[in-house]
Amino acid sequence: MKPHAFLRRIEEEEFAPAYGHVRKVAAGIVEATGPAAAPGDLCDIESEIGGRIPAEIVAIDERRVVLVPLEQNGTIRPDARVVVRSRHRQVSVGDGFAGRAVDALGQPIDGGPAIVADRSVALGGVVPRPMERVDPATVLQTGLRAIDGLLTLGVGQRVGVFAASGVGKTSLMEQLATQTRSDRCVICLVGERGREVEAMWRVLSRRKDAARFTLVAATSDESASLRVRSVHYALCLADHWRGRGQHVVLMVDSVTRMAMALREMGLAAGAPPTVRAYTPNVFAVLPRIVERCGAIRGGGAITAIMTVLSETDDVDDPIVELMKSLLDGHIILSRSLAEQGHFPAIDIPRSVSRESERLVSPEQAKAMREATAMLSAYEEARVMIESGVYKSGTSASVDRAIATRAGLGAFLRQPRREDIGFDDTVSRLRHLVPGMA
């Protein structure tokens, strides 16, 4: 017999929530005697002016509970009550979030009405089991020749965009968001400037297909806990639609800022710093974030496109190396190309899509290999060619690279907001490569 909705509502309520008292307040953290809860749970701390300040539990031991306030408004006094929230591990998801911009707690930031959720799910989500997964079997069409032609992606693939600052990453992500074919697109902006969030939403909300997009944002001035929570929330929304058999593109900008927020939380909790001062929780959380994405058997797919910021143009920091090992491909942006006005500034020889050759025809796969080899050969001989030292006929591969250099360069350049069909891209690539026309 199905229980009455009223009885289910009573079972969900907490009539005597657990609580504790603040015993220490420091920069960015609060220590309390309780409540009896678990790391990741949300609590409310009584403010001196009468309101409540939300906080997240980040560590627990036999003597204390360590919390990170989610807001900076209000003053926390010693002995203030700390009350655990009811249903603190649940977040709202559903079609009401389509075409909306929300914060890390699921509250609208676009000025629209309150969102009516379909259901609530656990924030931590569930990682699909290995045998529930399927390999990408359909080409993901992005409308960008450099990606569709030479770094072909598949529906359900996880790929990273690796770049230092100032090389066109934001413009590339915006173009990928608007041109990539999918049923839904969930964009998570982590630690971005408020101006960047507004600019992104202005572009998306004016489109005819604006209902396809959902924006989750936690700006740089917000707490580390909210910045981390925004990614988990975006994943919950994407997972909800994937479970209904839809193809969802999840874009996270950036994983590096999430890692920095995790490090901030780990240090506040007293975790030992490791390489580059990153705490162990960083290397535990990021693999789970990546593994929650992908295509599942009998269901939909989450195609993940995640940006990774490097400290230098050499892309050799620990988060870069970790994400390269976790993802199914990486697209590396080049400063030298960006400085030449080349957009998108993708360094093809250093980039890779691990699914590309399995997704395309043998003819396209051969053309991809030949084009990449010619670009690589030119780069190796660039100094000799540009200084006039190289003599024609010395190397057949370099001669071919020089002959096709102009054509390949024009093929890889593409104006912003220009959407090229996949068949047109493949046809032009085959005509550019000697012997493939």
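Author: Gladly. This is a predicted model. Let us begin with a pair of strands: β13 (residues 158-163) and β19 pair in the parallel sense, over three bridges.

Reader: What makes β13 and β19 a pair?

Author: Two strands pair if there are at least two bridges between them. β13 and β19 have three bridges, so they count as paired.

Reader: Which strand is joined to β19 in the antiparallel sense?

Author: That is β20 (residues 352-353), joined to β19 by two bridges. The rule asks for at least two bridges, so β19 and β20 count as a pair. His 330 has Val 352 of β20 as its bridge partner.

Reader: How do you know that both faces of β19 are covered?

Author: In a regular strand, side chains alternate between the two faces of the sheet. On one side of β19 (residues 329-332) are Gly 329 and Ile 331, and on the other are His 330 and Ile 332. These four residues are all buried, and both faces are covered.

Reader: Thank you. What partners does β1 have?

Author: Strand β1 (residues 19-26) runs antiparallel to β6 (residues 81-84), with three bridges between them. His 21 has Arg 81 as its bridge partner in β6. β1 also runs antiparallel to β2 (residues 29-32), and here four bridges join them. In that pairing Val 25 stands opposite Val 30.

Reader: How many residues lie between β1 and β2 in their hairpin?

Author: Two residues lie between β1 and β2 in the hairpin. Gly 28, in the turn, has a positive phi of about 85°.

Reader: Let us turn to the helices. Why is α3 called largely enclosed?

Author: Nine of the eleven residues of α3 are buried, so the rest of the structure largely encloses this helix. Among the buried residues are Leu 172, Leu 176 and Thr 178, along with Lys 169 and Gln 179.

Reader: How do you know that the length of α5 agrees with what a helix should span?

Author: α5 has 19 residues, and at 1.5 Å a residue it should span 27 Å. The end C-alpha atoms of α5 are 28 Å apart, which agrees. α5 is also mostly covered, with 18 of its 19 residues buried.

Reader: Why is Glu 264 called partly exposed?

Author: Glu 264 has a relative accessible area of 43%. Buried means under 20% and exposed means over 50%, with partly exposed in between, so Glu 264 is partly exposed. Glu 264 is in helix α6.

Reader: Now the cysteines. How many disulfides does the structure hold?

Author: The structure holds zero disulfides. Cys 43 is in none, and the nearest cysteine sulfur, that of Cys 236, is 19 Å away. A disulfide needs two cysteine sulfur atoms within 2.5 Å. Cys 185 is in no disulfide either, with the nearest cysteine sulfur, that of Cys 188, 12 Å away.

Reader: Why are Cys 43 and Cys 185 called buried?

Author: Buried means under 20% relative accessible area. Cys 43 has 0% relative accessibility, so it counts as buried. Cys 185 has 1%, so it counts as buried too.

Reader: What lines the largest cavity?

Author: The largest cavity has a volume of about 40 Å³, and the count of cavities of 30 Å³ or more is one. Its lining includes Met 173, Glu 174 and Ala 177, as well as Met 251 and Asp 253. α3 gives the most to this lining, with three residues. By class the lining has six nonpolar, no polar and two charged residues.

Reader: And what surrounds the largest pocket?

Author: The largest pocket has a volume of about 570 Å³. Of its 23 lining residues, those closest to the centre are Pro 39, Gly 40, Glu 56, His 232 and Val 285. Elements that give two or more residues to this lining are β4 (52-60), α5 (224-242), α6 (255-268) and α7 (280-291). The largest share, five residues, comes from α7. The lining divides into eleven nonpolar, six polar and six charged residues.

Technical notes
Residues numbered from 1 in each chain as written. Predicted model: local features only at pLDDT ≥ 70, side-chain atom pairs only at ≥ 80, totals over all residues. Heavy atoms only, no water. 1 Å grid on protein atoms, 1.4 Å probe; cavity = no way out; pocket = protein on both sides within 12 Å on 5 of 7 lines; lining within 4 Å. Points joined across faces, edges and corners; volume = space filled by probe spheres on them. Nonpolar A, V, L, I, M, F, W, Y, C, P; charged D, E, K, R; others polar. Buried < 20%, exposed > 50% of the residue type's maximum accessible area, 1.4 Å probe, protein only. Expected span 1.5 Å × (residues − 1).
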